[in-house]
Structures are given as C-alpha cells and as structure tokens.
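Please have a look at the protein below.

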Amino acid sequence: MRLSALALGTSLALGTTVGLAQAAPLDNEPLAARSAGSAAAPAIAAAPAAWAAGTRAYLVITAPGDTTAVRTAIASNGGSVFASYDAIGVIVAHSASASFAATMRGVSGVQKVGATRTSDVPADAYNPALPANPTQAAAPTTEPVRSDMTQIKADQAWAVNKGSATVKVGILDTGVDDQHQDLAPNFNAADSVSCAYGKADTRVGAWRDVDQHGTHVAGTVAAAKNGKGAIGVAPGVKISSVRIAEPGTTLFFAENTVCGLVWAGDHGFKVTNNSYYTDPWQFNCPNDLDQAAILEGVGRAQAYAESKGSLQVAAAGNSNVDLANKTTDSSSPNDSTPVTRTLTNDCLDIPAELPGVVTVAANGTSGTSKASFSNYGRDVIEVSAPGESVYSTVPGGKYSSLSGTSMASPHVAGVAALLASANPAYTPADIRAKLGEQATDLACPSDVRCTGTTAKNSFFGEGRVDALKAVGGSTPPAGPYFENLTDYAIADNSTVESPLTVSGVTGNAPAGLKVGVDIKHTYIGDLKVDLVAPDGTVYTLHNRTGSGTDNILQTYTVDASAEVANGVWKLRVNDNASQDTGRIDAWNLTF
C-alpha cells in the first residue's frame, strides 16, 4: 500500500513509496487534442465472460469523438474493450497477449498505447465485491476546534460562510464511509461511484472505503458542524465519493484515475481532492511508451474535468524530495518488483504535476514549518496547509490522527470549496489564482533546500491557505476576542440563548464593545435579538425590523462600559411569529 497518509505512532518511511502527487505547469510537449464537448460517459463493450490469468490493462489513445474503428481493432487484435471514454479518445482495453501493445501501435488512428500495470488485472474486476458497510461506533459528545483549523482560520470562516450545499466536492480516493455520523449529513450518494478497474460502478455502496484514507480525507474537507467529533474546513458543502483505489492493494491505476476525473467533470464537481499518485509509477516518463500513454490519458481526463468546471487539488508527496530537480526513483513499479531508474524533470508525478492542478505541500504542527516528509519544489508547490497530526473521520463512526501531504491537500480542497461557495461564478482558474493570492506568506527556514522569496518559495509555494479570506472575511479586530460557534435552533414563538464565557479581561467592558452576530433565519422581521450582560442587563441589537429579509450577519457596537467584562454573556433571540425558523449560527465579542 502506498497511500500518502502516515498513521501517528508508526515510523515515517519517507523514502519509500508512501508518496503522492504534485502539480506544476507542464511546459514540455502539449497534450493531444482535448475535447470539452459532450459528456464523456464511457461506451462500454462486453468484457470477457470470465477472468483469465495473464490479463493486463492498457490505455489506447485515439482522436476524441468516434472511437468505433479503434475499438473494433482492439477486438481484432487479441483484446477486449473494458471501457471507452469517447469524448477524450481514451479506451481501456484488456488483453492476455504479450504483443497486444506493439500490434495496436501500428493500427491506423491509434496515437499511443500503454500498459497501465506490470501485474495482472485482478479477477475481481469482472465481478467486483462491494466494500463492507462497517458498524458505526457511538457518536462523541464534543467537537473541539483544532489547531489545523485555527492555522488556516477555518474556525473564523465558519462564522461568515460554512460553504454552500450547491457546491460538490469529489473525494477521489479509497472510498468514503457514507454512514459516518460526521459525514452522512453532507454526503451526496447520487454522484458517488466506484471507478476501480477503470469502469464506473454505480451500485449502492460501491463507493465505500476499502481502507481508511478516503474517509479521513473526506472529514477534513467537509465533516459536519454538528457538535460531535470533527469539523471540516467547509462543513456546509456536499461531498461525493469516487473510489479509485482497488481492494487489497489500495493502488490507484491510470484507468481508475481517468474514470474518476471524467466522472468529476460529468457530475458537476466544483473541486476534487486527489491525495495519491497514479500507480504503478511514482513518476511517468514520456520516453517510455507505456508511461507516455498514461501521461496522455490521465492528462486528457484532467483537462476534460477542468473544461467542465472542476478544479483538481492534489498532494505533493511524502518522500521529502525536490520535485523541481528529479534524479532517481527506486520505488516503482509498486505492483511488482521496483527498479532503480534515472529521472529527468520531464518525468511527472500525476495527476498532481499536470497543468491546472493545485499542488499542496504539508506544514508541520507549528503551521510555519515544512513537515519533514513533505515533497517540495521551486515553481512546483503552489500552496501549503497543515499535514501533521490531523484529526479526522475514519470508517465505523471513528476518528484518528494521520500525517501526510494527503492530509494537507483536503484542507486546500475545503478552502477551494469555500471560495466556490462565496463566488459561484468563479472558474477553476479563478479559484486556483485566489488560493495563492490569499495565502499567508511563509518565509524560508534556515534550510538551503528552500529557495525563493517569502512571497513564493520551494517549500510553501505562495504560502499557507487562508479560509477566512476565501469567504470574504477579515481577521478579528485587535482586543480580546471570544466566540461561540455552536448552533442553537430558533423555534417559532420561542426564546433561545447562546452563552459565551469571557475571562482574563481586566475591569469593565469597553464603550465600543463589538458584537458580531450570525443568525440564519428566513424572516428576520420575526426576531428580537438582545445582548445580555453577566449581571442580566439587556442591550437590544435588533428589534423586529427587516421584514422578510433572510439572515442577520452584522457587527453591532454597544456601550457596555458599565458592565464587568468577565462572566457569562448571552445572545438572546426571541422569535415572535410562526412559520419561519432558523438558528444562531455563531456570535462573538471583541473587547
């Protein structure tokens, strides 16, 4: 298994194939023609009736559009069509013939052919077993805000915008436990699928986790803000599972990646998270015929997804190597016997080094260092995010802390989803640009490997992502700041209070006490909103104005100079009518 997550409490085998992907602009020969046309749902021909030993998988690359002639040639030359993505001209073929690739390379209309594995296609490909649906543990009773979220200011962003349910994020990974109490509220089963073996399997549950990696990633993106367990960066968006890992090996072969990226484009995913590299080669080199076809096929699939409005975010890898100065690879192929080979910078870690993909490095626990395992690279790394000791969801209703650039990437995917929520018209290029523009600059440490400027360098790219800026918020004003992010339901004809304990402030509250209010309610003319001081004094903030306007998102200034600062303050909301309900989403005090 070469997933890019490192479980806490285990040794970090950073020089092994626990690597990931990464994305830098690709300046060598352009990819072949890319179609942004009609949906690329695969035209599937009959697969062999039964599995046969020695069957290998291939990508056969032709012109986008009508692939009928090439599919016919595959059948005539000892192969079968397993799946065909006609809009991008990529066909997944199976054959037990050792001469299949060489023969097909001589067929008219065929541009590239490459084996996607150095091992046989598993028998499971022809009759895939459904992943287990694990028994769920009891839900926890607390939901602490964690350092990874405070470092990227996600905890402050939630008070402004938790993310829109119209924004869909695809988790291309080992699968997702959709029954988990922290993921079920935001899980989108209708657009979830298994792409294992390179063909879409839409059976209920085919998308479930065959490991724990994908469920952990999903929680970092969008675990619900529900008072239990964990909170994701964008707890209001929807997540879909696209399982591209195969059971047993948990490897992500090229045909699986092609299927997943095409699915993302066809199903309206605004963002996808890709915490893996395309197996079996950690780096695919264009001078190798097999790897050249993998580069082309996966590249076309990414370009197709982007043309449909999907931004891909990918992890940079856990081998602590300079991706801008590649030298050797001793970890590939990882589905058979690895060999040591010489690399050039034309050899790419995909999908992350493909054009348009956001490459993410991992910060250490301080938030300002490079995680020891994280790959790096001048003009390769785009942004960074927390990647050490990240607490998130795992299957069976449980939680775990993992480390890896796999854990950093979903933080960025979550921020990208917040950007899309706040700016629905943004294109993938817009979101990608804003992630860098809004990032917090991080200076190079005293490490000769880190080159560049504070604004952009080889360790952190343009810096650590900022969720608060993504939703149009700003850092709280100077002065002691206290916030309650717990939701309180506002029922018809009732009163609810949200408490906030203030401590460590000397003397009385200021004459300019700032009261930030975030109330979600569909008819604010029903509402009376008061600030209640610790001694019971009531300061009215809003009194049944605004008629049918939705929501109160406002900062009020109160002269509370007569009040002792320390104690329990309350935001009291009274709903004076029926039919419209809502909730106190968050509120804060700045002294």
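This report covers ring pairs, charges over rings, helix packing and some backbone details.

This is a predicted model, where local features need pLDDT of at least 70, side-chain atom pairs count only at pLDDT 80 or more, and totals for chains, interfaces and linings use all residues. Residues are numbered from 1 along each chain as its sequence is written, and side-chain values use heavy atoms, with hydrogens and water left out.

**Aromatic rings**

The structure holds nine aromatic pairs. Rings of Phe, Tyr and Trp (its six-membered ring) pair if their centres lie within 6.5 Å; planes under 30 degrees apart count as stacked, over 60 as edge-to-face and the rest as tilted. Phe-187 and Trp-207 form a tilted pair, because their ring centres lie 5.8 Å apart and their planes meet at 45°. This pair links distant parts of the chain, 20 residues apart. Phe-187 is in the loop between β6 (168–173) and β7 (193–194). Trp-207 is in the loop between β7 and α5 (213–222). Helices (H or I, at least four residues) and strands (E, at least two) are DSSP runs, numbered from the N terminus. Phe-187 and Trp-207 are both buried. Buried means under 20% relative accessible area, exposed over 50%, partly exposed in between (1.4 Å probe, protein chains only).

Phe-459 and Phe-460 have ring centres 6.0 Å apart and planes at 90°, so this pair is edge-to-face. Both residues, Phe-459 and Phe-460, are buried.

The test is NZ of Lys or CZ of Arg within 6 Å of the ring centre and within 35 degrees of the ring normal. The charged end of Arg-117 sits over the ring of Phe-253, 4.0 Å from its centre. The charged end of Lys-199 is over the ring of Phe-82, 4.0 Å from the ring centre.

**Helix packing**

The table sets out two helix pairs. Axes are lines fitted to C-alpha atoms, for helices over the stretch in contact, and angles run from 0 to 180 degrees between N-to-C directions.

| Helices | Angle | Axis distance |
|---|---|---|
| α5 and α8 (residues 405–422) | about 35° | 8 Å |
| α8 and α9 (residues 428–437) | about 115° | 10 Å |

The crossing of α5 and α8 is right-handed. A crossing is left-handed if the near helix is turned anticlockwise from the far one by less than a right angle, and right-handed if clockwise. Contact means heavy atoms within 4.5 Å. On α5, the contact residues include His-213 and Val-217. On α8, they include Met-407 and Pro-410. This contact has five nonpolar, six polar and no charged residues. Here Ala, Val, Leu, Ile, Met, Phe, Trp, Tyr, Cys and Pro count as nonpolar, Asp, Glu, Lys and Arg as charged, and the others, Gly among them, as polar.

α8 also passes α9 in a right-handed crossing. Val-412, Val-415, Ala-416, Leu-419 and Ala-420 of α8 meet Ile-431, Lys-434 and Leu-435 of α9. The contact of α8 with α9 has seven nonpolar, no polar and one charged residue.

**Backbone details**

A cis peptide bond joins Asp-279 and Pro-280, with omega about 0°. Pro-280 lies in the loop between β9 (271–274) and α7 (289–307). The bond from Ser-332 to Pro-333 is cis, with omega near -5°.

Asn-320 is not a glycine, yet its phi is positive, about 55°. Asn-320 counts as partly exposed because its relative accessibility is 27%.
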